[in-house]
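Biologist: Thanks for sitting down with me. Could you take me through this model, one question at a time?

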Amino acid sequence: MTHEQTIRDAVCCTGFGLHSGAPVILRILPASAGTGIVFRRTDLEGFPVEASGRNVARVSYATSLMKKGVLISTTEHLLSAFIGLGIDNAIVELDNLELPILDGSARPFVEMIQQAGIRKQRKPRAYLRIVRQLELREGDKFIAVYPADSYSVSYSINFPHPLIGKQSFGVRLTNGAFCREIAPARTFGFLHEADAMRQQGLIRGASLENAIVLNREEVLNPPLRFSDEFVRHKVLDLIGDLALLGKQILGSVVADRAGHAMHTALVSRILRDQSYWKQTALDDRAPEPELAAAGSVWA
Ligand SMILES: [Zn+2]
């Protein structure tokens with residue numbers, strides 16, 4: 001994977017936004033090399049919003065982009081699928097403000113991209129190589145990136161819930177591991193927090209079909225897809241948020257009880273300060289970049 005890639009054919013799906021509850025039609029289209037990932041609001045004359053840390057807006061329970069007042073909400077699951085499958089360039093059209101939540105994971109997006117097919121482009125892929133460590137702390141939350149010859153992610157969470165508690169996860173994303181180990185992991189939330197969140201205008205589209213829902217003791221809609229599905233979903237979110245760097249990373253990312261706000265803070269710091277990274281092509285003699293990996297609600 002040393003060249004940029006896009007999809008072969010356009011693909012389409014429909015669904016509802018997790019937080020807005022708004023119906024949405026989403027289309028993914030091929031794009032020329034060097035385009036990156038660009039969202040377009042077809043209900044607003046196709047206004048483009050680039051998937052870039054420059055456009056990060058509100059970040060709490062989901063990551064939203066905004067440019068000139070135009071919002072694109074809950075971008076992280078689709079962007080994670082693009083990184084996991086090595087898609088550099090695509091146009092993502094939607095006719096509403098929030099991406100569809102589908103089943104709460106990245107798996108439906110992976111299946112759409114696989115259905116579309118993947119096309120290698122002529123342009124060599126430029127990587128963002130981390131050359132200096134960067135650590136961010138906020139209370140007991142931590143996120144950091146360290147120099148490495150491949151892309152790795154590790155995540156730890158600690159939720160005071162009998163079914164979650166402490167979980168850490170590590171995975172290598174080569175040979176389809178993203179599709180097997182990360183993409184199916186669904187978002188999750190707690191029933192006893194749902195009313196308060198709805199009053200804040202959140203999770204209006206949430207249901208037992210698009211999230212793991214827990215009460216204080218158990219999962220209301222078993223079975224889990226993995227016993228540690230919760231931390232795997234955090235890895236999924238982190239990969240999706242770091243996609244806002246706009247390039248595949250060569251570096252090792254470590255997160256502990258972080259969330260979208262810290263993920264995107266790391267992106268902003270890296271983009272702001274060029275002393276942390278340099279742009280490189282992948283050395284052909286080096287191994288392929290691999291994603292190796294070692295909480296909040298409605299992650
Ligand atoms: Zn998520």
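Biologist: What is the relative accessibility of K67, and is the residue buried, partly exposed or exposed?

Modeller: A word on the basis before I answer: this is a predicted model, in which local features need pLDDT of at least 70 and side-chain atom pairs count only at pLDDT 80 or more, while totals for chains, interfaces and linings use all residues. Residues are numbered from 1 along each chain as its sequence is written, and side-chain values use heavy atoms, with hydrogens and water left out. Buried means under 20% relative accessible area and exposed over 50%, with partly exposed in between (1.4 Å probe, protein chains only). K67 has a relative accessibility of 23%, so this residue is partly exposed.

Biologist: Which residue does K67 meet in a salt bridge?

Modeller: A salt bridge here needs a side-chain nitrogen of Lys or Arg within 4 Å of a carboxyl oxygen of Asp or Glu. The N to O distance in this pair is 3.1 Å. It links distant parts of the chain, 17 residues apart, from strand β7 (residues 63–67) to strand β5; strands (E, at least two residues) and helices (H or I, at least four) are DSSP runs numbered from the N terminus. The partner is partly exposed too, at 23%, and is E50.

Biologist: Are the two residues of the salt bridge between D88 and R125 buried or exposed?

Modeller: The closest N and O atoms of D88 and R125 are 2.8 Å apart. D88 sits in the loop between α1 and β9 and R125 in the loop between β10 (118–124) and β11 (126–130), with 37 residues from one to the other. Both D88 and R125 are buried.

Biologist: How many salt bridges does the structure hold?

Modeller: Some of them share partners: R180, E181, D228 and R232 are joined into one network that way. The total for the structure is 16.

Biologist: In what order do the strands of the open sheet lie?

Modeller: Two strands count as paired if DSSP finds at least two bridges between them. The edge strands, each pairing on one side only, are β2 (11–16) and β5 (47–50). β2 pairs with β3 (residues 23–30) in the antiparallel sense over 6 bridges, and T14 has I25 as its bridge partner in β3. The sheet has 5 strands with mixed pairing, in the order β2-β3-β9-β4-β5.

Biologist: Which strands of the sheet does helix α1 touch?

Modeller: Contact means heavy atoms within 4.5 Å. Angles run from 0 to 180 degrees between N-to-C directions, and axes are lines fitted to C-alpha atoms, for helices over the stretch in contact. The direction of α1 (residues 76–85) makes about 145° with that of β4, and the strands touched by this helix are β3, β4 (37–41) and β9 (90–94).

Biologist: At what angle do the axes of α1 and α5 cross?

Modeller: The axes of α1 and α5 (residues 229–242) come within 7 Å of each other. The two helices are roughly perpendicular, a class that covers 65 to 115 degrees, whereas under 35 counts as roughly parallel, over 145 as roughly antiparallel and the rest as oblique. The crossing angle is roughly 80°.

Biologist: Which residues of α1 make the contact with α5?

Modeller: On the α5 side the contact residues are H233, L236, D237, I239, G240 and D241. The α1 residues are E76, H77, L79, S80 and I83.
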